[in-house]
Each structure stands twice: as C-alpha cells, then as structure tokens.
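Biologist: I have a sequence and a model on my screen. Can you walk me through what to look at?

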Amino acid sequence: MNIFEEIIANRKPADKVYEDDKVIAIKDIYPHAPVHLLIIPKKQYKSLQEVPSEDLSIISHIAKVAQILAKEFQVEDGYRLITNIGPDAGQAIFHLHFHLVGGKKLGSIA
Ligand code: AMP
C-alpha cells in the first residue's frame, strides 16, 4: 500500500482539506509555496498515463475540485495544477495526484 492509499484509508494522518466519494485533497507535507495541495483520486492509478480512457472523467472531476480549492485558498487569480508522470518527471509516489500550487509568483515551468 502506498502512502496515499494509507491516508485515503485513514491509516495515516494527513491535513485533509477536501473529500468526496472520488477524491481527497491534502496539504503537501513539504510545501513549495504558501498554498501547496495534493488532489488524489481514491481509486489507484499509477499515474495519468495509466488512466484508462473509460475513467478519464476523474480528470475533469479533479479540475472541478481544483477550481473549488483555488477559490477557497484565494489563489484563483494564479496557480498551477501539475501532475508528474514517471521518474524522469520527478514522480516519487506512484499513485496519481495533482499538485495545486500558488500563493507566490511562480517561476518557469522547467
Ligand atoms: P510527486 O513527486 O509528484 O510524486 O509528489 C509527491 C508529493 O507528496 C511530494 O510533494 C511530497 O512532499 C508529498 N508527500 C509525501 N508524503 C506525504 C504525506 N505523508 N503527506 C502529504 N504529502 C506528502
């Protein structure tokens, strides 16, 4: 079981800021910006690359949750929604998640 599955199952603590039947959102434990949240589907996919086409509606759901959280955390005028896919992109936890990052002027993407 990866750390996000353990958090979803309430076996490990996390600073949860949102939950519904499909996703949870938590504060990143090592934030890169004043606002750094992780939006995580409850269903396990290794990365975006592994989401089958019949399940892609989870991505629009995550986008909707990002809009809600960006408003709640007052970064709706400028934030980044990022998913790392694979080790070359810096993915460390192989359970799909999107970083919602904002609250400061962000640098270039790569
Ligand atoms: P990635 O590199 O895209 O796989 O991102 C993994 C993210 O998960 C990193 O930004 C970590 O800081 C974060 N992280 C790891 N463990 C935890 C945890 N227990 N609670 C919250 N965030 C975590």
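**Asn2 and its surroundings**

Modeller: This is a predicted model. Start with Asn2: setting aside neighbours within four places in sequence, Asn2 touches Gln44, Phe94 and His95.

Biologist: Is Asn2 buried or exposed?

Modeller: Asn2 sits in the segment before helix H1 (3-8). Its relative accessibility is 16%. Buried means under 20%. Asn2 therefore counts as buried.

Biologist: Which side chain makes a polar contact with the side chain of Asn2?

Modeller: Contacts of Asn2 beyond its sequence neighbours include Phe94 and His95. The polar contact of the Asn2 side chain spans 3.3 Å. Its partner is the side chain of His95.

Biologist: Which residue has its backbone nitrogen 2.8 Å from a polar atom of the Asn2 side chain?

Modeller: Helix H1 covers 3-8, and Asn2 is in the segment before it. The Asn2 side chain places a polar atom 2.8 Å from a backbone nitrogen. That nitrogen belongs to Glu5.

Biologist: How far apart in space are Asn2 and Pro52?

Modeller: In sequence, 50 residues separate Asn2 and Pro52. In space, C-alpha to C-alpha, the distance is 20 Å.

Biologist: Now the whole chain. What pattern does the protein follow along the sequence?

Modeller: The protein has two helices and five strands. Read along the sequence, the order is α-β-β-β-α-β-β.

Conventions. Residues are numbered from 1 along each chain as its sequence is written. This is a predicted model: local features need pLDDT of at least 70, side-chain atom pairs count only at pLDDT 80 or more; totals for chains, interfaces and linings use all residues. Side-chain values use heavy atoms; hydrogens and water are left out. Helices (H or I, at least four residues) and strands (E, at least two) are DSSP runs, numbered from the N terminus. Buried means under 20% relative accessible area, exposed over 50%, partly exposed in between (1.4 Å probe, protein chains only). Contact means heavy atoms within 4.5 Å. A polar contact is a pair of N or O atoms within 3.5 Å; within protein, one must be able to donate a hydrogen and the other to accept it, and residues adjacent in sequence count only if both atoms are side-chain atoms.
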